[in-house]
Each structure stands twice: as structure tokens, then as C-alpha cells.
Amino acid sequence: MEKVIMGNHAVSYGAKLARAQVIAAYPITPQTQIVEILSEFCADGLLDAKFIKVESEHSAMAACIGASSAGARAFTATSGHGLALMHEMLHWATGARLPIVMANVNRAMGPGWSIWTEQTDSLSQRDTGWLQFYCESNQEVLDTVIQAFKIAERVLLPVMLVLDAFFLSHTEEPVDIPDQELVDSYLPPYDARYKLDTSDPHAFGALVTPDHYMELRYKIQQAMEEAIEVVRQADREFGGDFGRSYGLVEGYRLEDAEVVLVTSATITSTARVVVDELREEGHKIGLLKVRMFRPFPVEDIREALAGASKVAVIDRNISFGHGGIFAEETKAALYNGAHRPPIFGFVIGLGGRDVTPASIRGIAEYTLEHDVPETEIIWREVKK
Amino acid sequence: MPEEIVFKTEADMPPLPMSLGTTLVNKTGSWRYIRPLYMDKTPPCNNKCPAGEDIVGYLALVKEGKYKQAWELIKQENPFPGVCGRVCPHPCESKCNREELGGAIAIHTIERFLADWAASQHLGVSASKQRYDAKVAVIGSGPAGLSCAYHLARRGYPVTVFEALPLAGGMMRVGIPEYRLPRQVLDREIADIEAVGVEIRNGMRLGANLRMSDLDDYDAVFIAVGLQQSRKLSIPGEEAEGIVHGLEFLNRVHRGEEVQVAPRVMVIGGGNTAVDAARTALRLGSKATILYRRSRAEMPAITEEIEEALAEGVEIRYLTTPIEVLTESGRVTGLKCVKMGLGAPDESGRRRPIPIEGSEYTLEANTIIPAIAQELEDGSWKLEDGSWKLEAGDRRPALSLAAGLEVEGGRIVINEAGATTAPAIFAGGDAATPFGTVAHAIGSGKRAALAIDRYLRGEELSGFPPIEEAVHAFPRDTSPIIVRFEDLNLAYFEELERMAQPQMPVEKRVRGFQEVNLGFSEKDAQAEAERCFSCGTCNLCDTCLIFCPDVAIARLMAPPYPVPLACLNGAGYKVNYDYCKGCGVCAEECPRYAISIEEELKWKK
């Protein structure tokens, strides 16, 4: 069934179709609509889930951890400061190997107080052991929620899907809402291997001495590495069942491209238009959309950039003291590879400032005009 | 002991920090020094009900929609839910913990709903299969007499009730106006009492056509003759024409006699009889004024009745006492009154009224209705040396009346079992107790029934609670701990307004004797019962089970439950003390204080 819905509601429909059993959430703009409609689904009996109102995001994640520990499919959504408040519990979810799925609507961190989009909130959670997917459209949002549960439950790691504030969260697009039966066959009920079970009680989360701690961390990294294939397979299977797939990364007009723009989230859609225009003007330019940020798809990126002579990474985020985070990750991914083109790191659109086709054209032209970047961070459109 | 698990490589390890062995070996109960116990406490309503009803029990049944069981639960203790649901001053509601969160539960209106519902379903009470030979005579068919007869008959005793008037019911019939208690309600509940085997013989007045010697065949007697004599004002002019005492006035109206009232009626007194008389006079077309010597705060009549009287146009003059009836050729023309001030509290705890010198004034009146107090009738008794005795000729060996019945302070002396100073003779109701309500009389009759049952089976009559406390026909565990508001976990209860029953509009009700209060619909009764906290009474809400961090609480029952949820008394759950480490979370979290904590001083010798 096709419906015109906002990105936030695409998340809600995804969680409903995935038959989330426990939803614990605390409202925060621009996420609130996600859990608002989910609470209505629960109240109206359209979704057989326990909706837990909590007093903070920290508690929301703690409640999801409890539910998931007991073997329930747990879901939550948050944004910006809410995600930051969850930080401790994000580590816990990973260490306890709980397949929780969370939607994070990117929101710039305050102060200055902001509700608009920026990726620094989710990228700050880079090292918590959560898988991260950055979505480009409302359809991709819905589909990724369903895929996320399948992936999480297979590798026993939590998954965060990320969408831009307002550009996706509050923007309405036509979205195909798949049939429940189809989703049910793609995503069978979660059957937890390790869970709190009063008929077979075990101790969980106890003190682990240096004798064993490192082995547990090693196993998390193993699961992350395994996840790359699991994601690929889940996406392929999804494509077979639903006719849509997204990949870990997606190349656009990469054939013979000398300059490649690397983007994520909604900037990608704008960049596609600019790439088309520049191609028409005769430039050999292509686009690489990075959908999966954790685990970082190093091999896919090396392969996609194998023919590029220059790479321009567009970051709507910043790691202060270093640079745009996608740019730094891309550099690191290529460094030990055979092909090491110059990488231009552009920072733009922080705090939700519009990134227009003209903005992206400017970035492309800068890259075309320069052999190497003049600075490690190339700030764009800063009022100087 | 389980064997130690050694991990040689990461592949041996589970992916998360968890024990591979079971934790059941770790009996955390050994850490405990306090333990939780499921122990129901007494809800304040149950504690205050003079008739000994299990109010929380029947409210729980109403919540479940089990009206029949709810009605039967009341009927175990009280044969008059329809009467009490209308006329009881509901002391149960006075201490209801709900008061703090939207107002006390309208218990009486729910009780009335159940009685009316049972009537609409033609429900009856079953008679006992047990038959005893010993027979009991009850003198007086008011609430005390009929309650005693009912409880004895339900236990299998043949009981005969002797009533002086042509119809049974006592004050319920001749004292309480019809607009408060329609007679078909009373008739129906008396019919229930007859249905369990009670024989009622009307028109039998003790000392007139009934003598104690007529009761030779009976093995025990219960005297519940009430207080039938109105106390005089003891002021000049009291014998004038136009003075009629409150009860006599009501009695005549209720018997259907043509009663003429003058246009200007003065009622003297502050109790229910005064209010009833004034409202009745009003309905007969008079302008009625109540004169009361203290202030509104001290007025003993039921608050709602006072409010209804005022709404109907009855005037109440407080701090006023009549000192002389003014007459003209033997007929009342007015009252000379004096204004009163309030002094220090007297033995009743109320402030004593003191006449204000020089404040005399007169009021016009054509009819004066004194309704200040009722006394034991002396018609059938004879005073000898400070004690009252039955007339000569009434003595008989079995009842050993030679000792006589001791009377003190205008009431027959009884002990805690309701036994008089004469063997085999018990007494109750207003003739023997100071409370003056239908519910108290019902409780007092029941107390005597329990005592007579024991007496006839040759058992000791000891162990009855003090006369102020209720007794139970169906024994149940009652804790001495009464639940206070602060004992409840308010996180579970939200403020909800008390539901008021609809009333007939004032202009309509003053034109006749139709019932003023109109009762609850089923929906209202359910909603009102839902407000009940179920104080101190486990109702299987599962909060303890959900909160127990050690999963050491097990539920013992699943629906359908064999007993009303509110009557489980701790039988709903079991604590596994092998693992309960005594954290107390269950007791702390329990919404209704149905779990107690007990210290376990294991190290004490």
C-alpha cells in the first residue's frame, strides 16, 4: 500500500511491521512523532507491544535493554541530546549483545540551541559498538527498520538507523508500506539464544576480570566484521522479497569517474542532481553514497574509489580538532590500500543550514580545479 | 557444588558476560534478615461498619460485575442492605481513605444498588438445612430483633418474633419517612427473613396480650423493644393541645392516619427524628422550623439529611431552646425561647449550651413537635429498688427471671455477649445500646444471635469484642491494623471525583413522599466501586510479582477464583524464601499495604 507519509512515520510503520514488542521512549524534537504514532498503534491494539513511558532517554535505553535481555524485540527512537544522554546505555546494549533497534533523527548539539539537522550526535556514538545506517529517503527509512532487526538479531549487536531532521523526519514522500505477511516471512519472530528466563536462570552482566574481558571485546569486533556479510545478505534478501535494496554503499555514475563525491543521508539526493548536470557538461564525475557507517565498509569503499583520481567527501558534521568524520574515515580506509587518491574534506550545512545544488556544485568545482586540497578541512559557506 | 567452568579460548565463551551454570545454586535467601508476609489489614470501612459487613469484599465483587455474590456477601452479615443503603449514616465512609483523593467511596449507594439489583432479579436467601430443637423468642421486630432472628434462623433455630404493632419493622417502618425508605424495600427484606424460617407474630405487645409466661416453650429470649417513649420537654404549657411528639407524629403519618398539621410547625431537637418530623410536616403543607440548642456542628442528625431539609425549605434556628409553651384557651399559640451560647465541652464531647440571660423571645407556632430523645417504655416493666423487673406472674424457672433485668441509665444492662443479668435473656438494639442507628441495631441483634447460639449449645459466652465493635456471623480473619492513607502507595491511584447519586428535584419531592434519592445505575455503581483502593486487601494485582528482583514470588491462583478477590487474605501468592533476600521492594511497592515485613533475627538466641 502506498502512502504519503513523513520520515518519522516511516520509522513508526517500520517498527510496527517488524512487530516490535517493547517500545520505551522519551519525547524529543524532531523525533517525537515516531513514538507518538507508535503509542497510538499500541493503544488502539494495532500493535501488540508494551509501550513504556520513561523519564529520560537513559531510562528509555535501559528499558529496551531489560526487554531485550528477556528476549523481546525492543525499539526506541531519539535525537540529539537524547542520544547523548543514552551514551552509557549504548555501550551496555552492545556489551550485553542485545539486538535493539533505534532510530536517531540527526539534530545538532547545543549550545547554541538547535533542533535542525547535523550528524555529529550520531557520529559521536561511533565507538559504542552500534551498527549505523544513514538513510536517504523515507522509503529507505522504513525498509531499513525492518532490515535492522534482521541484522541485529543475527549478529547480536544493536542497530541505529539515522535520518536527517526535517529534510526526512518532517518531509512527506510517497512510501510503499509492505504487507504484514511479507514482512513476517522476511523477519520471523526473535528467538533469543541468551535471555533472562526464570525457568533457566543465569547471572548476567557480572564483573569480568582482565582474564576474560578482552575476549568479550574481541568477539564484538568479530561480530562487527561478520555483520558486513550479514548486512549484504539481508539487503539482497530484502531486494528479492520487496524489490528494493540499498547496499552498504551505493555508487552513482562511477563508470570512468575521475572525481567522486562521497556523501551520506539527504545530501546524496541533491548531489545526484548536480552530478547529472556536471556529467552533461562533460565532467567525469560520480557519486558514492555511504549508507552504512558502522561497521565501516572499507572494502566496498576501496573498490568504489579504485578508479578515482580525486575524492571529495561532504560532511555535515565535525570532529573538532580533526575534521569531517566521513572524510577522516575515508582517508583511513584508503591508507593501507593500493590506491590512495587525494581526499578533499568539505564541512558544510552544520546546524541544518541548507546544502543546495549550488553548494554542491561549488564543492565539485573546487575539487575539479585543485590537484590537492589547500587545507585538511575545507569549510564551505562560512560567513567570513 | 557445581563444577568450575574454565574457558581456554574465546570460542568457549558465550558472547556476553553471563554465567553458563544456573544461578539456582545461589540461595540468596540466606542473605535475608527481614522477610515479606502476605497479611491483609483491616480497611477503615470494614472497621467502622456497625453491621460487620465486608465492604472491601463486596466492592471488589462489584468491580468484577458479580452482583449476586456481592449481595450475598452483605446478606451473610446484614439482612437489610436495601434499608442500610438508604438510611444508614454510613460511618464506613467517614474514614474512607479515598476521602483524600476525590472523596470517600459512596459505599451506601453501592450497597443500595446491590439490594435493588437483587430485588430486580428476585434473588432470595436460602434457609439452613440444619435444624435445632431449641426455640428462641424475639420481642420486637425492629432492626435488632429481625437481625437476631435472621441469624439464628440461618443457623437452624426456630425463631418467633413478637411485634406489638400490626406490621413488622419497628422504627424502620414507623420512624423513618417513606421518602427516605420506600416501604416495599423494607417489606422485601423482611420477606427474606421470613423465607429463612422466621415466624413473625404481629400485634403481640409484651405486658399487654403477651406475657413472659407465654414464652415458656422458648429456650432463650431476645429483647429488642427499642425506645418507644418520647422524652418530655419539661417546660410549662407542655400539656396543651397542638403538641405532638416526633415519633408519635411520624408513626401516625406512616400508619396512614389522616394527620392535621397547622400552618406553622416548630420541631424541637437536632437528631434524625427532628429532621424527619420537620420534612414530613413540610410535605403535609406546613412551614416547618427546627429549633436546636447547639450549633450546626453539634447537630447529631445525618449531614445529608440536614442539607436535604434545608434545600427543601425547612428552617433551622440554632442555639435556641424553648422555655415555655404559650397557649390560648388550652391551644398552642407560640413558644417562648431563649438564645444559647456554647460553653466548654460536656461528657459527649460537644460544647455545652448555656442560656444567655435576657435573650428571651417568642415564636409563633400552632403545632409543636418535641423530638429531643427517646426512652425505654415503662408499660411492660415495673421498677423495684432501682432495677426493672417483669411483672409478677411472668416468672418461670427456665428463664430464671427472679433475678430481674437490671436497667441503668435508661437502658437494659447487657454484657459483651448481649446477655442481660437474667439467664437465657439477651437484649439489644436501642433498648440496650447507646448508638441509635439501624446499622448498630443490626449488629447488636447479630451479636445476640451468635451468643444465643453458643448459649443453647452449652458453650461459654466469653470472648465477644467490646459492644462498640462489630461481630461477624461468618468468621473472617481481621487484622488489628487499620490501613491509613499514608500506608497506601499513591503512585497507583489517581484523583477521581466521588460520584453522587441523582436526587428528585426539590420542587417535586416536597409535594409528596416519593423517594428523594434515586440510586446508582449499574454503570455508576461499577465506576464508583472502581475508585476503591482495596485498602489492606490483596486483590492479585501482581505488583509484588512484577517488582520482585529475585523472581521469588509465585502466583498461586488463576481465574476463575474460588473466592472473591478481596477475600484471599494472603492466599494469592507464595514467596520462595530460598531466594527472597528480604529487600522489601514488594511490601514497599504494594499499592494497598497487603504485605508486611517481619524481622528475622537469626543470630538471636
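Predicted model: local features only at pLDDT ≥ 70, side-chain atom pairs only at ≥ 80, totals over all residues.
How are helix 7 of chain B and helix 13 of chain B oriented to each other? Residues are numbered from 1 along each chain as its sequence is written, and chains are lettered from A and ligands numbered from 1 in the order in which they are written.

The axes of helix 7 (residues 143-154) and helix 13 (residues 438-456) of chain B come within 7 Å and cross at roughly 40°. Helix 7 of chain B and helix 13 of chain B are therefore oblique to each other. Helices (H or I, at least four residues) and strands (E, at least two) are DSSP runs numbered from the N terminus. Axes are lines fitted to C-alpha atoms, for helices over the stretch in contact, and angles run from 0 to 180 degrees between N-to-C directions. Angles under 35 degrees count as roughly parallel, over 145 as roughly antiparallel, 65 to 115 as roughly perpendicular and the rest as oblique. Ala, Val, Leu, Ile, Met, Phe, Trp, Tyr, Cys and Pro count as nonpolar, Asp, Glu, Lys and Arg as charged, and the others, Gly among them, as polar.

Another helix pair of chain B consists of helix 3 (residues 67-77) and helix 6 (residues 107-120), which pack at an angle of about 110° with their axes 9 Å apart. That makes helix 3 of chain B roughly perpendicular to helix 6 of chain B. Their crossing is left-handed. Helix 3 of chain B contributes B:Tyr67, B:Ala70, B:Trp71 and B:Ile74, and helix 6 of chain B contributes B:Glu111, B:Leu114, B:Ala115, B:Trp117 and B:Ala118. This contact comprises eight nonpolar residues, no polar residues and one charged residue.

Chain B also holds an open sheet of four strands in the order 9-8-7-14, with parallel pairing (two strands pair if DSSP finds at least two bridges between them). Strand 9 (315-317) and strand 14 (367-370) of chain B each have a single partner strand, so one side of each is left without a neighbour in the sheet. Neighbouring strands of this sheet are turned by 20° against each other on average, direction ignored. Within it, strand 7 (residues 264-268) and strand 8 (residues 287-291) of chain B run parallel and are joined by five bridges. B:Val267 has B:Ile290 of strand 8 of chain B as its bridge partner. Helix 11 (residues 272-283) of chain B lies across strand 7, strand 8 and strand 14 of chain B, and runs at about 165° to strand 8.

Chain A is divided into domain 1 (2-242) and domain 2 (249-379), with bounds from an automatic or database domain assignment. The C-alpha centres of these two domains of chain A lie 27 Å apart. Their contact takes 26 residues from domain 1 of chain A and 19 residues from domain 2 of chain A. On the domain 1 side, helix 8 of chain A gives the most, with five residues. That side divides into 16 nonpolar, five polar and five charged residues.

Within chain A, the axes of helix 1 (residues 7-17) and helix 6 (residues 138-155) come within 8 Å and cross at roughly 25°. Helix 1 of chain A and helix 6 of chain A are therefore roughly parallel to each other. Between the chains, 18 residues of chain A are in contact with 13 residues of chain B.

Most residues other than glycine have a negative phi, and most peptide bonds are trans. In chain A, a cis peptide bond joins A:Gly110 and A:Pro111, with omega about -20°. The bond from A:Arg294 to A:Pro295 is also cis, with omega near -10°. A:Glu381 has a positive phi, near 60°, and is placed in the segment after strand 15 (378-379) of chain A.

Notes. Contact = placed C-beta atoms within 7 Å. Left-handed = near helix turned anticlockwise from the far one by under 90°.
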